[in-house]
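Here are my notes for a first look at this one. Have the structure open and read along.

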Amino acid sequence: MRAVDAVMECLKAEGVDVVFGYPGGANLPTYDAFVDAGIRHVLVRHEAGGGHAAEGYARATGKVGVAFGTSGPGATNLVTPIVDAMMDSTPTVFITGQVRTDLLGTDGFQEADTIGITMPAVKHSWMIQHPLEIPRTIHEAFHVARSGRPGPVLVDIPVDLSRADIPYEPVTDLRLPGYQPTVEGNTKQIRQAAKALATARRPVIYAGGGVISASAAEELTAFATADRFPVTTTLMGLGGFPAPHDQWLGMLGMHGTRAANYAMDEADLICAVGARFDDRITGKLAEFAPRAKFIHIDVDPAEISKNVPAHIPIVGDAKHVLAKLVREYRALEGVDPSRLDAWWETIRGWREKHPLRYDDSADSEIKPQYMVQALYEATGGDAIVVNDVGQHQMWTAQYYHFAKPRRWIGSSGLGTMGFGLPAAMGAQVGCPDQTVVCLTGDGSVQMNAQELATCAQHGIPIKVFIMNNGYLGMVRQWQELFWDGRYSHVDMGSFPDFVKLAEAYGATGLRLEDKTTLVADMKSALATDGPVVVDVRVTREENTYPMIPAGQAARDMVG
Amino acid sequence: MGEPGTKELLSLEELEAAGGLRTGRKHVLSILVENKPGVLSRIAGLFARRGFNIDTLTVGPTDDEQLSRVTLTVDGAMHPIDQVTKQLHKLVNVLKIRDLEPAGTVTRELALFKIAADGAARAEAMQVCEIFRGKVVDVTRRSLVIEVTGTTDKIEAFERMVRPFGLIEMMRTGEIATSRGRGET
């Protein structure tokens, strides 16, 4: 069997139903194998689009996303998605072609040191050195990508090795002696955590993307409701706890709710689950949650006590640990639920005094916050919403109330503009029966708009809603607030004409400018077949509030 | 300290103070790895990413041909080590890491000293060599090459002794280390 046909067999054995990719010289043999493999391949228009599509697919389905690219520029174009997947712990396998082995290191045509360039950004990578290694390596790659703390892996295959004739037998034993993620969580530590929670008077559960990765949303709700623990999540954790729930405080962090941030500030015990105390959460580290002790549950031991020292560290996967924690908590005797009454009283006070708010327009002008609310209404709150990066992302987190996991998808850690459209495409491919909306900005969408052609060609019916203010809005906001209003290169003008752009790509284009008909217009856009681009003109200079100014503490929230 | 996104100027003192926790001692990390290409790059990369300087580094085979041993030393007074060790553990090809306590560890290093020594100086240099239980491994009319094995302290002491003769150059291997007693390192 040709080595490349063995690659296809491995993909099938791993349950891969779609690959996003782009062919080139160094992966010609691989692409020949696609002809007969019976695996769906989506031809993207830029490798970065393929990489982000694989991420979107993985985030929406929980399965491993796969992207292919050729050597040299094909591989370097994948670097941003790889780093993005690393930062957001997205299970992804990248398979790149490489020049033939006798050209390695000679600056051959389309040669790049792919392994070297991507090394700091992958969970692991493999350079194939012998064709017989290929099947085992592919299986190891999938195993590493999806287990433990998920992440991107890369397999680089020199083109001559991919043409070899090899015997293929399904691989059942993996040889990864140095890779044994801890999943279960130490029972003694979990018991100690339960006891600490039982006596805490001002506890908060702070959950992150780990809850989504581990499919632990149900366990999180069971844990929170084992008593009346208030819950906040990070951006990555949205949907990990149902937003309509009474114990939900809203997102925390730089643009989180006051209730969530003040609760962290005054908490006496914070239980972090699959969250990593990112600087967008903590603000000024020295003044973060000054009264709290910390329980930190994470599958990655390197996250524990990285930024904030944990008093009760628990290494393990959120699903296993939370299930045990609930059992331990319920088994405790003499827990007094009324000890939380005063805490809830305080939280309710914050909620009532500081709800999320904005000044709506008196006329037909569309405020960006209202645009998110309108989309929430038009989709019945049940779409998969894929964001790009910037103001629109924060407003989505604030005003689209995610009730289920894997409904919010966006680039969080790396903050990659251009992630949204291709990721939405990947999510739609993975979830063909769901409504997939890309809620993006006029800046971000232009960074990977070429994938509209992919959507049109492959009939991938994503609905792209552009929050168009003609600015790089978040940068403009910072220049306004912190740099004396000296706007420097943030005005995007009214370019391009997104309606015409959509039509040129073979999608439907619409422009919406009237608040009074916005929900109805959005509904009809959502009901339109095929990919649709909706250019929604919103207030040009609107700021995202509330906000913890950079480097300050939760108490210093403004707006 | 101000954030990159804000307008306030950063003082250099503040930047230096923000370096993080220091343990204050030299760390000898003994890392057992799979003998595969790129492993050393991955290890070195984790240090480079944090701007850490590796003082010494040795790599060699072990009694198991599938495995190699990396021994590296870093200055804990300069760099917080704990986070790097945790990250090293995450490398798929890394099997085991020991941060060796100096008291429970035997360390050795080999050094070659090329010394300008003729006439009377030569005899004197050879006397110093003998005291340090070094070995003369090359000799010409105008130079000596002396091999010395021992702890880093001993090698540094020898260097101080021979420098006045005219030290032409010095080559050091960096430390290797094993834990004391019967247990595996």
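1. Start with helix 4 (residues 120-131) and helix 5 (residues 152-166) of chain B, which pack at about 170° with their axes 10 Å apart. Helix 4 of chain B and helix 5 of chain B are therefore roughly antiparallel (over 145 degrees counts as that). Axes are lines fitted to C-alpha atoms, for helices over the stretch in contact, and angles run from 0 to 180 degrees between N-to-C directions.

2. Who makes that contact (C-beta atoms, placed from the backbone, within 7 Å)? On helix 4 of chain B, B:Ala121, B:Ala125 and B:Val128; on helix 5 of chain B, B:Met161, B:Val162 and B:Phe165. The tally is six nonpolar, no polar and no charged.

3. A caution: this is a predicted model, where local features need pLDDT of at least 70, side-chain atom pairs count only at pLDDT 80 or more, and totals for chains, interfaces and linings use all residues. Residues are numbered from 1 along each chain as its sequence is written, with chains lettered from A and ligands numbered from 1 in the order in which they are written.

4. Over in chain A, six strands form an open, parallel sheet in the order 2-1-3-4-6-5. Strand 2 (40-43) and strand 5 (124-127) of chain A are the edges, each pairing on one side only. Helices (H or I, at least four residues) and strands (E, at least two) are DSSP runs, numbered from the N terminus; strands pair if DSSP finds at least two bridges between them.

5. Strand 1 (residues 18-21) of chain A pairs with strand 2 of chain A over four bridges, and A:Val18 sits opposite A:Arg40.

Notes:
Parallel < 35°, antiparallel > 145°, perpendicular 65-115°, else oblique. Contact = placed C-beta atoms within 7 Å. Nonpolar A, V, L, I, M, F, W, Y, C, P; charged D, E, K, R; others polar.
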